[in-house]
Amino acid sequence: GALSAADDMTLVSNSTTAEVAPTKGDIVMTYTNGSGTATLNTDLTAEFSANNGTNWTSMTLVAQGSTGTHLIVSAHDVTVGTAGTAMKYRIKTLNQGAAKETRIQAVSLGWS
């Protein structure tokens with residue numbers, strides 16, 4: 001069926017191959033509250049994988065300000081849970097409904 005404002009969403013990136021197996025991951029993203037206010041790490045979560053999504057490492061998102069209407073959040077130097085070079089992210093919007101609608105605008109995953 002069609003998506004509605006009441007639907008939780010999982011956004012999974014395509015895999016990008018790292019030149020060497022990373023030990024740390026970083027994420028930066030922007031989002032807006034279409035309605036209500038998302039609580040970071042409850043209504044909006046982020047994870048990353050080094051092995052193409054077989055295992056996921058949770059990232060604790062921290063507010064970093066805004067670009068006007070878009071809110072900026074990030075997680076920095078998160079230790080990779082499982083070794084590999086197939087990097088991808090997974091973003092989830094949870095607890096969505098008529099009173100809470102979280103909209104993702106941009107996501108960037110980095111590693112070292």
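The structure on display is a predicted model, in which local features need pLDDT of at least 70, side-chain atom pairs count only at pLDDT 80 or more, and totals for chains, interfaces and linings use all residues. Residues are numbered from 1 along each chain as its sequence is written, and side-chain values use heavy atoms, with hydrogens and water left out.

Strands here are DSSP runs (E, at least two residues), numbered from the N terminus, and two strands pair if DSSP finds at least two bridges between them.

Next, display S6 together with strand S7 (residues 71-79): the two run antiparallel and are joined by four bridges. Val-62 has Ser-74 in S7 as its bridge partner.

**The nonpolar core**

Now select Ile-27, Met-29 and Ile-91, the residues with the most contacts inside the largest nonpolar core, which has 20 residues. Such a core is a set of buried Ala, Val, Leu, Ile, Met, Phe, Trp, Tyr and Cys residues joined through side-chain atoms within 4.5 Å; buried means under 20% relative accessible area, exposed over 50%, and partly exposed in between, with a 1.4 Å probe and protein chains only. The elements that give two or more residues to this core are strand S3 (24-35), S4, S7, strand S8 (86-93) and S9. Around Ile-27, beyond its neighbours within four places in sequence, the residues in contact include Met-59, Leu-61, Ile-91 and Val-107, where contact means heavy atoms within 4.5 Å.

**Trp-56 and Thr-57**

Move to Trp-56, in the loop between strand S4 (44-49) and S5. Trp-56 counts as partly exposed because its relative accessible area is 21%. A polar atom of its side chain lies 3.1 Å from the backbone oxygen of Gly-53. Trp-56 also touches Glu-47 and Arg-90, among others.

Thr-57 lies in strand S5 (residues 57-59) and is buried, at 14% relative accessible area. Select Gly-81 as well: its backbone nitrogen lies 2.9 Å from a polar atom of the Thr-57 side chain.

**The salt bridges**

Three salt bridges are found in the whole structure, each being a side-chain nitrogen of Lys or Arg within 4 Å of a carboxyl oxygen of Asp or Glu. Side chains of opposite charge can pair when their charged atoms come close.

- Select Asp-43 and Lys-100, which meet at 2.8 Å, N to O. The pair links distant parts of the chain, 57 residues apart: Asp-43 in the loop between S3 and S4, Lys-100 in the loop between S8 and S9. Asp-43 is buried, at 3% relative accessibility.
- Glu-47 in strand S4 and Arg-90 in strand S8 are 43 residues apart. Glu-47 is buried at 12%, and Arg-90 is buried at 18%.
- Finish with Arg-103 and Glu-101, at 2.9 Å, N to O. Arg-103 is partly exposed at 40%, and Glu-101 is partly exposed at 21%.

How values were computed. Polar contact = N/O pair within 3.5 Å; in protein donor to acceptor, adjacent residues only side chain to side chain.
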